[in-house]
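Consider the sequence and the model shown here together.

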Amino acid sequence: MSRKIIVLDTTLRDGEQVPGAKLNVHQKIEFAQQLKRLNVDIIEAGFPASSIGDFQSVQEIARIAGDGVSVTALARAVKSDIEAVYESIKLAQNPLIHIVLGTSNIHVEKKFNRSKDAVMQMGVDAVKYAKRLLPDVQYSTEDASRSDFEYLWSTIEAVVKAGATIINVPDTVGFAVPDEFGDLIRRINERLKNLNDKVILSVHCHNDLGLATANTLSAIKNGAEKVECTINGLGERAGNTALEEVVMGLKVREAHFNCHTDVQTKELLRTSKLLTHLTGLDVQVNKAITGENAFAHSSGIHQDGLLKDKQVYEIMSPEDVGGESMELILTARSGRHAFKNTVEKMGFDTTDAEHFEALFQKFITLADAKKEVYDHDVFYLVTNHRTIDRSSMQLYELESFQVITNDLYPTATVKLRKGTESVKGSAIGDGPIDALYTVIKSLVGLDVQLKDYKINSLSRGKEAIGRVSIRIEHQGKVYSGRAMDTDIIKASSNAFLNGINAIVLDTSNDN
């Protein structure tokens with residue numbers, strides 16, 4: 001009988017620790033709703049003790065999560081963190097407190113500067129306290145793959161007796177290799193089942209040596225019942241185990257692993273694209289499952305084989321993960337029905353007639369400019385249209401602009417609106433974009449530094465849509481902004497303003 005593997009998505013916690021991947025409350029809620037459609041078992045919504053904004057995000061996700069998905073958040077082994085997690089997730093249908101504490105010698109000696117027994121007691125006390133608040137408590141033995149096995153097991157034994165219902169074994173720094181990590185999980189699993197067979201054994205792997213997925217699958221083969229992953233493998237340093245890789249690995253090789261998940265695989269590509277849109281962090285083109293070239297075949301030999309039978313070179317189809325084998329090319333003459341069909345195939349709701357009509361008019365404008373509109377054009381059109389109403393939040397909007405470029409005095413003039421007020425100014429710079437950003441900075445009155453500027457084409461042809469992604473720093477924190485337009489100067493302006501608005505939102509949340 002196939003064994004069910006529990007899937008925890010930690011994109012909103014571990015994934016968001018990537019510099020420049022910070023999301024605001026509204027973006028986190030939108031992504032959490034997509035995770036529900038993806039049908040993950042548990043959403044780790046954040047680290048509520050870290051800031052008021054993160055607390056509010058976790059609280060709102062817990063409130064809207066509903067049935068069918070558990071919500072958790074991270075706490076260190078201290079009462080204040082545990083209380084913050086409880087207060088933020090208590091409205092969820094299935095709340096879970098997640099506690100983390102190191103078990104390796106380097107963590108115990110260098111990070112905590114305490115004895116092993118004292119650190120173990122910290123963990124036991126933390127679990128006992130959390131258990132008073134909620135019945136389900138997960139305990140993560142941080143840096144388990146570099147820990148002394150007998151001390152690691154003693155810690156697991158102690159916290160299980162204290163009431164932990166899930167034991168998570170992390171390869172925190174991506175140090176493990178598959179056979180070694182699989183053997184570690186096998187040994188823990190054998191002892192854990194003798195101690196308490198109702199406790200769930202979980203793993204959380206990082207990708208520093210490019211082995212996160214391999215280690216996770218090895219752990220599953222050796223008894224792990226739960227995996228912690230992120231979409232696109234997002235995470236600190238080299239990232240985490242990519243959810244889509246583990247899920248499809250189990251699906252394609254189910255006969256080998258004799259395991260399955262309840263993840264709706266046809267939502268994988270859509271979830272990946274939404275995360276890319278929200279964070280501005282692109283997926284490498286040859287990334288397994290969700291990369292742009294994951295199902296592309298340029299070799300003549302491959303194409304010949306595929307035309308005869310797709311199975312010659314495909315072990316799974318793009319439709320399995322929510323992709324399209326062929327794109328429907330839309331034009332201004334396609335009409336509402338064809339456009340609606342494309343939007344609905346991407347999983348977006350079109351039942352609100354007024355909302356859809358406004359979106360359709362934007363499509364007509366785009367189709368007139370581009371002539372041919374592809375699926376990825378529609379995706380970015382819809383997600384851009386569905387962003388929050390800025391006027392009600394007193395955020396900055398671009399009213400008009402003019403940029404003059406030359407080799408003497410590149411100049412930009414910009415008019416911005418914030419609520420009912422408008423401001424206008426001009427500036428010169430080293431080039432057109434520098435002049436543009438200089439005048440915007442002066443108008444908004446924020447001291448920001450441009451850390452990164454990137455532009456790429458999202459579509460084919462000379463009327464292609466340009467997407468601009470920027471990262472800016474303000475008071476030691478990095479924020480990202482993205483925008484798209486057929487006019488790359490306008491896209492550059494809006495991307496910068498979106499970064500500015502992220503600062504405004506963050507400041508308002510902290511207050």
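Q34 has a relative accessibility of 2% and therefore counts as buried; the term buried covers anything under 20% relative accessible area, exposed means over 50%, and partly exposed lies in between, with a 1.4 Å probe and protein chains only. The model is predicted, so local features need pLDDT of at least 70 and side-chain atom pairs count only at pLDDT 80 or more, while totals for chains, interfaces and linings use all residues. Residues are numbered from 1 along each chain as its sequence is written, and side-chain values use heavy atoms, with hydrogens and water left out.

Q34 belongs to helix 1 (residues 25-38). Helices (H or I, at least four residues) and strands (E, at least two) are DSSP runs numbered from the N terminus. Which residues does Q34 touch, not counting those up to four places away in sequence? They are E267, R270, T271 and L274, where contact means heavy atoms within 4.5 Å. With two of these residues the side chain of Q34 makes polar contacts: one of 2.9 Å to the side chain of E267 and one of 3.0 Å to the side chain of T271. A polar contact is a pair of N or O atoms within 3.5 Å; within protein, one must be able to donate a hydrogen and the other to accept it, and residues adjacent in sequence count only if both atoms are side-chain atoms.

R3 is placed in strand 1 (residues 3-4) and has a relative accessible area of 29%, so it is partly exposed. R3 and I220 are 217 residues apart in sequence, yet their C-alpha atoms are 9.8 Å apart in space. A polar atom of the R3 side chain lies 2.7 Å from the backbone oxygen of I220. Neighbours within four places in sequence aside, the contacts of R3 are I220, G223, A224, E225, N258, C259 and H260.

I220 is also one of the buried residues of helix 8, together with A212, T213, N215, T216, L217, S218 and A219. Helix 8 (residues 212-221) is mostly covered, with 8 of its 10 residues buried. After helix 8 comes G223, which has a positive phi, near 115°.

Next, the nonpolar interior. A nonpolar core is a set of buried Ala, Val, Leu, Ile, Met, Phe, Trp, Tyr and Cys residues joined through side-chain atoms within 4.5 Å. The largest such core has 90 residues, of which I99, I167, V169, F181, I188 and L243 touch the most other members. Helix 6 (residues 149-162) gives this core its largest share, 9 residues. I99 is in contact with A75, R76, A77, I82, A126, V127, A130, V137, Q138, Y139 and S140, leaving aside its neighbours within four places in sequence. Another core, of 27 residues, lies apart from it and includes V444, V448, L497 and I503.

The aromatic rings come next. The whole structure holds 7 aromatic pairs; rings of Phe, Tyr and Trp (its six-membered ring) pair if their centres lie within 6.5 Å, and planes under 30 degrees apart count as stacked, over 60 as edge-to-face and the rest as tilted. The pair F339 and F363 is stacked, because the ring centres are 4.4 Å apart and the planes are at 15°. F339 lies in helix 13 (residues 335-345) and F363 in helix 14 (residues 353-370), 24 residues apart. Both F339 and F363 are buried. Y437 and Y453 have ring centres 6.3 Å apart and planes at 65°, so this pair is edge-to-face. Y437 is in helix 16 (residues 432-444) and Y453 in strand 14 (residues 449-457), so the pair ties together parts that are 16 residues apart in sequence. Y437 counts as buried, at 4% relative accessibility, whereas Y453, with a relative accessible area of 30%, is partly exposed. F339 and F363 also belong to one aromatic cluster with F356 and F360.

Finally, the chain as a whole. Its secondary structure comes to 17 helices and 16 strands. Of the 511 residues in the chain, 52% are buried. Among contacts between residues at least 6 apart in sequence, 66% join residues at least 24 apart.
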